[in-house]
Amino acid sequence: MDRYARWNALLEMLTDSGRVTVEEAAERLDVSQATIRRDFDQLAQQQMITRTRGGAVANGVSYDLPLRYKTAKHSAEKQRIGAAAAALVSPGTVVGLNGGTTSTEVARALAVRPDLNTNADGAQLTVVTNALNIANELLVRSRMKVVVAGGVVRPKSFELVGPLGGALLREVTLDVALLGVDAIDPLLGAAAHHEGEAAMNNLMVARAKRVVIIADSSKLGGHAFARICPVDRVETLVTDSGAAAEVVDAFRAAGVHVICA
C-alpha cells in the first residue's frame, strides 16, 4: 500500500469512528506504528486531521475528501463504470463532463476510443467540462475538442464553480451530460456535497438532451446537501454490480434505465 492509499484508508477510518489510535491504525493497515505516526503528522500539517496523544481525531474535512485522497476507493468499480458510460457516447457529439474520480475514469475511457480520435478533418468529440483534471486527461491523451467552463477552482475536486462558468454553460447545447455525483436517490434525485458544484452540474443538466448519472453503488440511496436534479431528469444510471437489487429496482420503477457494470 503506497502512501496516498494509506492516507486515504486512515481518513476513512476517522470518518467512520471520529478517533483512531496509532496502535489500531498500525494493526489494521499492517504497517509499523512509526509509519502511522509519520502519516498522522503529515496529515495534521495539511489540516486534514487533528493530532492527539497516541492518535488522531477527524477534522471535519473528511466529509468531502480532496480528490487525490479518493482515488483508491472503489477504483475497480469506477473503472468499469467509466468504460460502460463511455460506451454510451457516439462520435461527433457534444458531451458534458463534471469532475470527480468516476468522471475521471469516463474521460480516460473516452480518450482511448479510436473512433473518437481518428478524424483528421476535425474533432470526433467535443467535451465541455468544468474540471481542470478532466480537461488535462483529455488534452494529453486525445485529439478531442475540449471546452473548459470558467470559474473559481475548488481545490478538493479541481472543479470550476461560480457565475463565470455558468455564463458559458448557458450558451452551449449538450447531446449528453455524464455526471458524477455524491449521492443519488430514487425519490430525492441526484445531489452533491458542495452547492457550487451542484449549481454547475444543474446547468449542465439544463443544457443536455440526455442525462447520464455515473455513480458507484456506495452512492445509491444516499443523501447530500445540494440537489443537482430530480430523478425524472435522469435517463440512465451507470453503477457497478455491487448495487443492491432492491435499490436498482427502485430506480427502474422511477423510469431510470440502469446499467450495472
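Visitor: Which helices and strands are included in what covers the buried residues of helix 5?

Guide: Welcome! This is a predicted model, where local features need pLDDT of at least 70, side-chain atom pairs count only at pLDDT 80 or more, and totals for chains, interfaces and linings use all residues. Helices (H or I, at least four residues) and strands (E, at least two) are DSSP runs numbered from the N terminus, and contact means heavy atoms within 4.5 Å. The cover of the buried residues of helix 5 includes helix 4 (75–86), strand 4 (94–97), helix 6, strand 9 (174–180) and strand 12 (208–214).

Visitor: How many of the eleven residues of helix 5 are buried?

Guide: Buried means under 20% relative accessible area, exposed means over 50%, and partly exposed is in between (1.4 Å probe, protein chains only). Among the buried residues of helix 5 are Thr101, Glu105 and Leu110. Helix 5 (residues 101–111) is largely enclosed by the rest of the structure, because its number of buried residues is ten.

Visitor: Is phenylalanine 40 buried or exposed?

Guide: Start with its place: phenylalanine 40 sits in helix 3 (residues 33–45). Leaving aside residues up to four places away in sequence, phenylalanine 40 touches several others, including Leu10, Val22, Ile49 and Ala56. With a relative accessibility of 0%, phenylalanine 40 counts as buried.

Visitor: How far apart in space are valine 140 and threonine 239, C-alpha to C-alpha?

Guide: Valine 140 belongs to helix 6 (residues 132–141), and its relative accessible area of 59% makes valine 140 exposed. Along the sequence, valine 140 and threonine 239 are 99 residues apart. In space, their C-alpha atoms are separated by 27 Å.

Visitor: What is the phi of aspartate 30, which is not a glycine?

Guide: Here is a handy rule: most residues other than glycine have a negative phi. Aspartate 30 is in the loop between helix 2 (22–29) and helix 3, and at 69% relative accessibility aspartate 30 counts as exposed. Although aspartate 30 is not a glycine, its phi is positive, at about 60°.

Visitor: Where is phenylalanine 158 found?

Guide: Phenylalanine 158 is not a glycine either, yet it has a positive phi of about 65°. Phenylalanine 158 is partly exposed, because its relative accessible area is 30%. You can find phenylalanine 158 in the loop between strand 7 (152–154) and strand 8 (159–161).

Visitor: Which residues make the nonpolar surface patch of about 280 Å²?

Guide: Patches are made of residues with over 30% relative accessible area and no salt bridge, joining like charges within 9 Å and nonpolar side chains (Val, Leu, Ile, Met, Phe, Trp, Tyr) within 5 Å. A salt bridge is a side-chain nitrogen of Lys or Arg within 4 Å of a carboxyl oxygen of Asp or Glu. Accessible areas come from the Shrake-Rupley method with a 1.4 Å probe, and for residues only the protein chains shown count as cover. The patch of about 280 Å² is made by Leu132, Val148, Val153 and Phe158.

Visitor: How far from the sulfur of cysteine 229 is the nearest cysteine sulfur, that of cysteine 260?

Guide: A disulfide is a pair of cysteine sulfur atoms within 2.5 Å, and by this rule the count is zero. Cysteine 229 is in no disulfide, and the nearest cysteine sulfur, that of cysteine 260, lies at a distance of 19 Å.

How values were computed: Residues are numbered from 1 along each chain as its sequence is written. Side-chain values use heavy atoms; hydrogens and water are left out.
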